[in-house]
Amino acid sequence: MKLKHLSTAMILATLPATGVFAAALDRSGQSISAFLQPGNYFEAGISVLDPTVKGQEAGTSATTRKIGDMGDDYYFPSAALKLQLTDKFSFGLLYDQPFGADAKYTGDNVFVASPNDRVLSSLPVTTSSIGGATTGNTSVEVDSQNISMIFGFQPTQNFNIYGGGVYQTIKGNVHLRGSAYSVFNGYDATIKEDGAVGWLAGAAYQIPEIALKASITYRSEIDHKFNANENLSLAAPLANAAPALGGLVPPALLPAISQAIGGFAAANSAEGQSKITTPQSVNLDFQTGIMANTVAFANVRWVNWKDFSITPYKFGKAAEAVGPLVNRPNGFSLVEYADDQWSVNAGVGRKLSEQWAGNVSVGWDSGAGNPVTTLGPTEGYWNVGLGLQYSPTPATFIAGGVKYFWLGDAKAQTGAQAGGNDYVAKFEDNNAIAYGLKIGYKF
């Protein structure tokens with residue numbers, strides 16, 4: 001079965017909006033499909049996500065109030081240039097935004113601060129009136145950018161061995177507000193943009209006559225080191241309240257709590273370097289012709305979120321101080337995940353005419369554990385997608401796609417609760433819609 005005229009449908013399998021709402025901070029899916037296109041090739045695309053993530057106070061929360069939509073809309077671009085320098089050597093530049101987060105809590109709940117917040121609710125004290133809290137909303141924003149420089153060697157028409165360097169930047173800010181975060185209510189952190197390098201390597205096999213193409217790509221973890229701008233707004237009020245703790249706590253606990261509060265206050269003046277290591281990953285891509293003008297395609301992705309955490313320096317020192325009081329003797333992180341992420345996207349693409357092609361797809365994502373961080377309270381997804389591509393000339397195309405996501409139910413826990421079964425809210429029956437647009441040129 002020869003499928004030499006199927007290039008339109010083959011490109012269609014690389015429509016945008018593939019990852020978009022994956023586990024943890026995963027966003028783009030880090031595809032290298034553009035680099036594996038034949039000849040010289042350029043593409044540019046944009047993906048947009050509109051999530052709805054609502055919930056309710058639960059677990060250790062004293063109330064059961066509703067939590068309004070905390071998932072903000074976001075978009076991210078991508079671009080790629082691939083040059084076939086000779087019959088055996090190729091070069092590519094890929095740009096994407098692989099990791100990110102954008103969320104904000106509003107309304108009246110444990111993630112929105114008020115003057116009456118119980119700032120010591122997670123500590124074993126008999127009162128909830130020590131210290132004050134700033135007003136405001138819990139929010140998080142994380143942005144990253146990747147530029148991958150890839151060199152490929154094709155010893156035969158069928159094999160492609162490739163590798164190269166990756167330059168990555170990351171920046172973000174987080175604001176913790178509300179009684180859910182106890183003494184960390186009012187915590188702020190700003191991470192200025194930091195750049196670091198990593199690498200990727202992979203291999204591909206293809207039989208163009210039957211539209212068969214398979215590839216496996218490994219991306220390394222990337223270490224970022226930086227000085228975060230942090231503020232523990234309750235440090236001073238707690239330090240001032242420490243001498244007056246007599247009578248407010250059981251006498252046997254007074255020394256430990258006084259020491260913890262002192263350590264927490266000292267953390268606000270501590271200085272040191274923070275580190276974020278973005279995770280290693282593996283992508284496996286496969287497609288093959290199944291009948292005239294029709295291809296089946298699949299992508300399997302693994303991301304090592306289990307070993308990922310974010311612990312800004314002052315936050316970490318404060319967490320070490322109060323950790324023994326919440327059964328975390330070694331402290332805790334701002335964000336961490338319990339499981340690695342697995343995701344699968346599969347579908348069928350068909351060439352409808354010389355100018356038009358379309359596809360349908362289904363996807364599944366495992367999530368990165370449950371309970372999960374309050375800053376991203378969903379556990380994986382199922383999705384369905386539709387795509388359409390128009391090629392006004394044999395060398396150009398414009399493609400669009402839409403995907404609907406059923407987001408997995410999750411229990412949300414603070415950093416102090418991570419690793420256990422306690423949680424402060426639950427998020428159920430949520431969804432998202434993603435849109436993608438891409439243009440391409442073969443030359």
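Start with S20 and S21, a hairpin with four residues between the two strands. (Helices, H or I with at least four residues, and strands, E with at least two, are DSSP runs numbered from the N terminus.) This is a predicted model, so local features need pLDDT of at least 70 and side-chain atom pairs count only at pLDDT 80 or more, while totals for chains, interfaces and linings use all residues. Residues are numbered from 1 along each chain as its sequence is written, and side-chain values use heavy atoms, with hydrogens and water left out.

Now select 341-351 and 356-365: those are S20 and S21, running antiparallel and joined by nine bridges. Two strands count as paired if DSSP finds at least two bridges between them. Click on Val344 and look across to its bridge partner in S21, Trp364. From Trp364, hop on to S23, where the bridge partner is Trp382. S23 covers residues 381-393 and pairs with S21 in the antiparallel sense over 10 bridges.

Next, the rings. Phe, Tyr and Trp rings (the six-membered one for Trp) pair if their centres lie within 6.5 Å; planes under 30 degrees apart count as stacked, over 60 as edge-to-face and the rest as tilted. That rule gives 22 aromatic pairs. Pick Trp305 and Phe308: they sit edge-to-face, 5.0 Å centre to centre with 90° between the planes. Both Trp305 and Phe308 are buried (under 20% relative accessible area; exposed is over 50%, partly exposed in between, with a 1.4 Å probe and protein chains only).

On to the charges. A salt bridge here is a side-chain nitrogen of Lys or Arg within 4 Å of a carboxyl oxygen of Asp or Glu, and there are seven. Show Arg301 and Asp26, whose closest N and O atoms are 2.9 Å apart. Arg301 lies in strand S17 and Asp26 in the loop between H1 and S1, so this pair ties together parts that are 275 residues apart in sequence. Arg301 counts as buried at 2% relative accessibility, and Asp26 does at 3%.

Which residue pairs with Glu57 in a salt bridge? Select Arg65, with the closest N and O atoms 2.8 Å apart. Glu57 is buried at 1%, whereas Arg65 is partly exposed at 30%.

Last stop: Asp188 and Arg177, in a salt bridge of 2.9 Å, N to O. Asp188 is in S11, and Arg177 is in the loop between S10 and S11.
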